[in-house]
Amino acid sequence: MAEGMVIVGAGECGTRAAFALREAGYDGPVTLIGDEPHLPYERPPLSKEGMTAPTLAAKVIADEARLKAAGIDHRRGARVASIDRDARRVLTAEGETLPYNRLLLATGASPRRLVQEGAEVPHVAYLRTYDDARRIRDRLDAGARLIIVGGGFIGLELAATAKSLGAEATVVEVLPRLLARAVPAEIAGIVADRHAAAGVTVVTGTPIASIESAPDAVRLTLADGRRLEGDLLVAGIGAIPSTALAAAAGLVLDNGVAVDTRLATSDAAIFAAGDCCSFPLPIYGDRRVRLESWRSAQDHGNTVGRNMLGADAPHAAVPWFWSDQYELTLQIAGLADEGRSSVRRELGEGAFIIFHLADDGRLVAASGIGTGNAVAKDIRIAEMLIGRGARPDPGALAHPETRLKSLLAA
Amino acid sequence: MPNWTRACATDDVEEEDVIRFDHASGVFAIYRSPDDEFFATAGICTHEHTCLADGLVMGDVIECPKHNGRFNYKTGKGLGAPIIENIKTYPVKVEDGDVFIDLG
């Protein structure tokens with residue numbers, strides 16, 4: 001049987017998986033193939049503090065010395081053209097053949113594109129990679145007029161970043177409120193107020209009729225007839241899993257590459273992990289989800305590295321997300337749409353957490369917002385309670401004097 | 001030469017918890033373990049600029065509030081990704097209800 005582990009995608013998940021293979025004792029060849037020309041880096045700072053730094057700094061996950069010490073063959077700027085499942089080898093775009101014992105697809109996702117006429121034009125950008133961030137940063141001088149399409153985490157983080165750089169920002173969201181898919185209305189309201197206070201113009205509940213790009217500016221016409229003009233438009237309207245390789249290889253897809261709890265695809269020699277895959281979550285009755293989450297990508301990488309070596313480690317982590325905007329941090333553990341009722345706990349100084357409970361009393365999610373790290377400890381405890389399928393007393397959750405940690409002992 | 005500096009009163013830290021201590025020489029984190037011993041580490045996570053004292057203490061482990069990097073606060077050892085670098089620890093002594101750390 002062929003030796004060697006091949007990992008396609010050198011983001012958070014693929015890179016973590018490469019190290020996890022070594023940590024689990026694997027000493028054969030590990031090839032980590034990434035299509036970007038950079039060392040593996042963390043994406044979350046790109047829309048946040050990474051972009052406000054004097055020079056756009058990528059936070060490197062592993063530098064050359066660490067990759068070399070671990071014996072990880074990182075190929076930069078390289079693409080995999082196809083997978084030959086019968087022969088267990090991949091063919092790179094450069095024409096190289098790489099045999100694999102186990103293959104990991106950690107191909108991530110790419111920004112959903114605007115479908116409106118005129119969308120593929122100058123002054124229209126998307127944010128996923130370091131190079132994307134640099135192109136946007138280069139345009140965000142003081143006084144620049146930024147239009148952001150999409151009131152989700154990426155768009156709102158970018159709006160806050162633009163304001164701190166002295167640019168003007170307008171956010172256009174087609175749904176009736178910001179962060180509609182991500183957080184409860186009470187939290188989205190705090191976020192909307194904070195952006196308004198910073199001078200960001202927020203337009204919700206309004207579809208876009210057209211986008212026109214002139215040499216000097218980009219012009220947006222909304223369905224209600226309003227017109228907006230900007231120097232740069234960035235669309236943050238979701239991401240599409242990168243499944244082209246998997247599809248061409250005939251692997252089963254289902255909102256991404258479909259994997260089981262071990263993160264194995266429909267081919268037992270091929271695994272998929274991170275943003276590109278959908279997987280069953282045992283804590284929600286094996287509901288199949290696809291997450292775009294830094295933490296999940298990292299957890300997947302750790303788990304899949306072991307499973308590629310024959311372990312039977314199910315991925316059972318509770319989904320966890322965060323966002324930083326201005327001095328505010330949001331943290332969310334679990335999937336709030338599993339909840340049927342909620343209770344609110346005040347943490348002082350405006351910080352609060354909404355606990356989401358299922359009909360049977362199980363805690364299924366917790367959504368918090370506050371200044372700095374105000375909600376972090378309690379969200380972390382909530383995450384553990386969710387993972388255990390705990391049914392905490394709603395009154396105790398809501399009561400500020402109850403130590404949440406005491407509920408873990410119950 | 002030890003440089004014992006008063007950080008806090010023992011009562012300022014709950015059992016299995018941590019508080020922040022600011023001093024001219026930097027930010028520190030003072031821990032009280034479940035078995036009622038005191039420990040001290042540098043206060044800022046080695047991964048990114050985040051105050052560890054805002055994180056959760058579970059047993060011997062402090063977890064960064066931002067990106068869930070974990071350290072054994074008794075030894076300073078980093079416990080896996082995203083942590084690459086261990087965190088510095090400081091000697092601690094308790095006298096008459098006060099916690100002192102040796103800033104060296």
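Two strands count as paired if DSSP finds at least two bridges between them, and helices (H or I, at least four residues) and strands (E, at least two) are DSSP runs, numbered from the N terminus. The model shown is predicted, so local features need pLDDT of at least 70 and side-chain atom pairs count only at pLDDT 80 or more, whereas totals for chains, interfaces and linings use all residues. Residues are numbered from 1 along each chain as its sequence is written, and chains are lettered from A and ligands numbered from 1 in the order in which they are written.

**View 1. Strand 2 of chain A and its parallel partners.** Strand 1 (residues 5-8) of chain A runs parallel to strand 2 of chain A and is joined to it by four bridges, with V8(A) having I33(A) as its bridge partner. On strand 5 (residues 72-75) of chain A, which is also parallel to strand 2 and joined to it by four bridges, R75(A) stands opposite I33(A). From strand 2 (residues 30-33), V30(A) and L32(A) point one way and T31(A) and I33(A) the other, and all are buried (20 or more other C-beta atoms within 10 Å of the residue's own, with C-beta atoms placed from the backbone).

**View 2. A β-α-β unit in chain A.** Strand 1, helix 1 (residues 12-23) and strand 2 of chain A make a right-handed β-α-β unit, meaning that, with the strands pointing away from the viewer, the path from the first strand over the helix to the second runs clockwise.

**View 3. The surroundings of L104(A) in the largest nonpolar core.** This core, a set of buried Ala, Val, Leu, Ile, Met, Phe, Trp, Tyr and Cys residues joined through C-beta atoms within 7 Å, has 146 residues, and L104(A) and L105(A) have the most contacts inside it. Its largest share, seven residues, comes from helix 5 (residues 153-164) of chain A. Not counting residues up to four places away in sequence, L104(A) touches residues including I7(A), V8(A), F271(A) and M308(A), where a contact requires C-beta atoms, placed from the backbone, to lie within 7 Å.

**View 4. The side of chain A that touches chain B.** Nine residues of chain A are in contact with 10 residues of chain B. Helix 8 (294-308) and helix 9 (376-387) of chain A are the elements that give two or more residues to this side of chain A, and the largest share, four residues, comes from helix 9.

Key: Buried ≥ 20, exposed ≤ 12 C-beta atoms within 10 Å, placed from the backbone. Contact = placed C-beta atoms within 7 Å.
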